[in-house]
Amino acid sequence: MSPEHPRTDRSVSTRIGARDISKNYGLVQANHGVSFNVTPGQIHAVVGENGAGKSTLMRILQGLERPDSGTVILNDEPVQLRDPQQAIRLGIGMVHQEFMLAPELTLLENLVLGDEPMRTIAGPIAIVDWKKALTEARALEKRAGVAIDWNRPTATAPVHIQQYVEILRLLRRGNDVLILDEPTAVLAPQQVSKLIALLKQLRDQGASIIFISHKLHEVVALADHVTIMRRGKAVASASVDELDIAAMTRHIMGDAPADPSEQARAAVVLPDARRILRVEGLCAVTVDRSQALNNISMDVCLGEIVGIAGVAGNGQEELMECLAGLRSMSSGSISLNGAELAGKENMDFRRAGIGYVSPDRAHEGLARLASIADNVMAGSQHAPAFLKGPFRNLPAVGRAARQRLANLDVRYGALSDPVSSLSGGNQQKLVFARETASKPQVLIVSQPTRGVDLNGIAAIHAILRQHCEGGGCVVLASEELDELIALCDRILVLSEGRMVGAVRNEDATPETIGKLMLASGDGLEMAHV
Amino acid sequence: MSDHVNTDAMPADGLAAMVRRGLDGTLRFVVPIGIAFAVGAVLLLAIGENPLETYSLMLSEAFSSQRRFAATLSAATPLLFTAVATAICFRTGVFNVGVDGAFILGGLAAATFGVMLPMSIGWWIIPLSIGAAMLVAAFWLWIPGVLLARLDVDEVVSTLMLNFVALGIAGFLVNGVLLSETSGNNTTETIHSTAELSRLVPPSTLHSGFLLGLACVFAYALWSSVTPAGFEARLVGLNKRFARAVGISIPSTIIVVMVISGLVAGLGGASHALGQVHKFSDGFSAGYGFTGMAVALLARNSALGIVFGAILFGALASAGTTIQLFSDIPLDIVNVIEGTVMIFAVVELGKLTLWRKGKRP
Amino acid sequence: MTLAAQILATTIILTTPILLAAIGGLVNRQGGIVNIALEAKMIAGAFIAIVVSSATGSWLLAVFASAALGGAIGYVFSLTITRANANMIIAGLGLNILVAGLLGFLLSRVYGTSGTLRLPDVHLLPKIFPESVSDVPLIGPVLAALDPLTLFAWLAVAALPFLLANTRLGLRLRAAGNAPQVVRSVGLREKSIQDFGTVFAGIFSGLAGAHLSLASIGLFNEGLSAGRGFIALAAFYFARNRPVGTALVCLFFGFLDASQIRLQTAGLPPKLIGTLPYLMVILGLCLAAWNTKRKLQA
């Protein structure tokens, strides 16, 4: 609204873009020579798997991170973004997945927060002009084509309304570059089409929109242009007319590596495999209550690795937590060797022989401020072998800790060092060392190689195989399709909280699984490939 | 094979890590105290006193003779209990600021039993009084423990408020049913002489409660370092999600530490009532719960630190009283130092942890 | 009837310091900081009011001095929380002890007394209405007892909902307390906004202190605030930060205080009555928690 905000200038060829941007986090190369261009009045989709580097790129465009090399381009000129405030002033606005709205304030209050229209009462005394604010809000509302009850407390407003308010707030403050991070993840189908209509309208008014998504049919429906990222690189960038969904899928997934030793695994047949873990009709509520685990049934046999695939946020994490006993289920059954576990506590799951490797290593898998020894021995504090009378037998605990760490070849300095002194790979191996120590039959393993270097990945894959060869079984959720294909006997695919397909190892390719993953929730028939 | 490598590498690194941690702990103990004494020094300069002289006088008043040292230990005694009771909870990530109330009710229960039980039961009167004190105080802190564990009621507010409730209840009782018929207002009768804890170095008031306090600190050291429950409590304090994922019950850990905290605070109240004042009267706790909190913060919950911290504050209290008598420096300087220590103990903590977190990717 | 009017008048006067401190505390908490150190600023305000009133002969200057001192202490306190990341509870408890110590130190060293400070020529708060107003039926005694700070406190209560809702600062303060990351994301400095809240609480606690010492007794005593800072905390906790609700709870606490002697003669023990505010808070928290739990399960 204020004059300092740049107005849309149709004459420039690049409203916002990147030239050759690279960014490393330690060993992880998040962005590698990424370039892309968004013209004024364009909807530009950025797609790719989780960890492909999309979020890093967006963080750079918002001034939250600085690139190691390369530049951000704004109106054909290179700029250095120092902080998000500067990006906002330059007209770059972000719609976060978690909305930046204060839940206890009304929608109108959130709309004007930080740039309130004021009304002078007397001399220097001024108060917020709510009348003017409401007029502005109504004008914006009309532009969006939705009815909004502005005086409603934000927490009670439906999610899609909150999203509109977030977008309208950016428009009100003159932001004509909008970055939307998976905006449809929280929306119901009919709301999605409304959002698409709004974004198209904004584009026609000159806004440049960057749209991050996993859902290719939405990309086709909405975007003018698409840039595809894989492993930190922009691997393709083209008009949407030139790329169909199949081509996009190919670019997203890349080619599966043909590692002979890993292929050999496919030949392992399980003749009289015994089903030990049975899940029937499992239903559960997810954190944000928008999606639920819906009627999941699966069996896991001894010696088997069963993969769980799906686009992030489709219920994999919730399913794994249910299997580990960390999330209560609303109905259904989980049984191990015939013993029912539904309704029991996480301790009972562990006692029955289920180990758990959390996807959130920093906050759940490890106690970062505790020592290496404490981390690897946690959970075993009541085992008779480690007690002497009422006390912990510390020499025995130390010996066992060393043994456990040695078994999985964890490299560490001293047992008393904080666990955060270990590298990512060694931290993860330590988690495995703890979780496999009591020889559980079933390992529930979620995102085991996230943030782990190549050597670590190989070691963790070996651990998983060993566990199965030693008579256990594994349920493995991973966002790395290559990993699932290399390791799993079967891969089950989740979409929107439902089991939408099962693929056997010999049929598993990134395409077959990708197709199931990216399928919208329409065809809910179980697809057996 | 790698076992062998690791054990070789361990002593050197382990020692270095231990030294580092020891230094770290010492620094965090010394820095807030240093700042507090500096603030005190400014105050002393402002009124024209020489701070060095005053501090060295205090030092000699607190430690220079057996009698003075005994007075210091005597003043440190209640702090040993309240600091342990606080540290148990802080270590578990439970923000219990209600130790003072539990201490008061424990003292009241012990004094009541010390007065009411028949003399004829002999020395049994002491364990019975102590037992009653511990039970009452444990029940008192069990309440906010359950509220936190089951209903997620903020323990800071509930324990803070319960302190005032405890004061009110005690005040009501010593002005009512427990009021002494002989010795005036706001106090119970003096306890039977058989209920008194023995004096260790008469004429000093240092009593065997001090030994109980040391035993408590020792038990706390054992509990925290070598029992499964203490281990679990620490993991809960470090990371609740992690603790839950490895199979530790968060609610029962919270309730257990609150009850243990109450037991210790009650024992402290009993020690103070039976050993020091021999009755219960209004003003029974001179803020011992809060000074104990300062001690626990300063010690960063370590047993050794608690002993040092308690003696430090004991020395301040006993030397403060005497220098007020002889050199006209108000005893209130002790409060100034205590308050400053509390503030800077947490300021340090906040900053340091933030830096640490920020550094590691 | 006169008895009731008298109790009412005493209630109003005894409510004022609690109310002022509670207003400060609730604004502070709306901004996201739980202020345990209202007590410290109150007692400091009470002290400086007596000193300034005696030295200048002006009750108004004394009141300003109390507000300024309370605000200054509040600002330093706020910095330890917002900038040095101190735990607000521990820092608050520490500040209470520190300020009490400093005052005691000053009293005995500078004024050579212990506990109580009497100074000559202390000018008390004036009454708003002339003495004769007490003849007015029903509300006469109340009107006669009114002093400027009491009036100010109730005007503040009346204005507060409007100010919180309709001023820029009010809006930003509520936002900072509710979702600091949101405030940051729209380019505002949430820490400075929170500092304002703590200074505000300091000023109002200082005024509360001034009322304690200048309303009628005209002297300072170390025990003057007698836990009123915590009663104020109890009031806005129980009323869940709503200004008018908080004022009503304060009025109830003031009533308990005013009728203490009569309740005592009626057989109700004053010490137990005194625990009522604190029990109410715990009960209120339990009910709220139980409610949330039920909602989550439903």
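Two salt bridges are counted between chain C and chain B of this predicted model; a salt bridge is a side-chain nitrogen of Lys or Arg within 4 Å of a carboxyl oxygen of Asp or Glu. Arg109(C) and Glu49(B) form a salt bridge through their side chains, at 3.1 Å from N to O. Three residue pairs of chain C and chain B are in polar contact, both residues at pLDDT 80 or more. A polar contact is a pair of N or O atoms within 3.5 Å; within protein, one must be able to donate a hydrogen and the other to accept it, and residues adjacent in sequence count only if both atoms are side-chain atoms. Four elements of chain C each give two or more residues to the side that touches chain B: α4 (88–110), α10 (228–238), α13 (270–274) and α14 (276–297). The largest share, 15 residues, comes from α4(C). Helices (H or I, at least four residues) and strands (E, at least two) are DSSP runs, numbered from the N terminus. By class, this side of chain C holds 27 nonpolar, eight polar and four charged residues. Ala, Val, Leu, Ile, Met, Phe, Trp, Tyr, Cys and Pro count as nonpolar, Asp, Glu, Lys and Arg as charged, and the others, Gly among them, as polar.

Residues are numbered from 1 along each chain as its sequence is written, while chains are lettered from A and ligands numbered from 1 in the order in which they are written. In this predicted model, local features need pLDDT of at least 70, side-chain atom pairs count only at pLDDT 80 or more, and totals for chains, interfaces and linings use all residues; side-chain values use heavy atoms, with hydrogens and water left out.

In total, 39 residues of chain C contact 47 residues of chain B (contact: heavy atoms within 4.5 Å). About 3600 Å² is buried between the two chains, 82% of it on carbon and sulfur atoms. Buried area is the accessible area (1.4 Å probe) that two parts lose on being put together, summed over both. Ile90(C), Phe105(C) and Arg109(C) supply 20% of the area that chain C buries against chain B, more than any other three residues.

The contact of chain A with chain B takes 42 residues from chain A and 31 from chain B. These chains bury about 3100 Å², with 56% from carbon and sulfur atoms. Glu364(A), Arg392(A) and Arg402(A) supply 17% of the area that chain A buries here, more than any other three residues. Three salt bridges are found across this interface. Asp360(A) pairs with Arg241(B) in a salt bridge, with the closest N and O atoms 3.0 Å apart. The side of chain A that touches chain B has 18 nonpolar, twelve polar and twelve charged residues.

Glu435(A) is found in helix α15 of chain A. Glu435(A) counts as buried, at 2% relative accessibility; buried means under 20% relative accessible area, exposed over 50%, partly exposed in between (1.4 Å probe, protein chains only). A polar atom of its side chain lies 3.0 Å from the backbone nitrogen of Tyr356(A). Beyond four places in sequence, the residues that Glu435(A) touches include Arg350(A), Leu443(A) and Val246(B).

Leu476(A) lies in strand β22 (residues 473–477). Leu476(A) is buried, at 0% relative accessible area. Leu476(A) and Ala309(A) are 167 residues apart in sequence and 8.7 Å apart in space, C-alpha to C-alpha.
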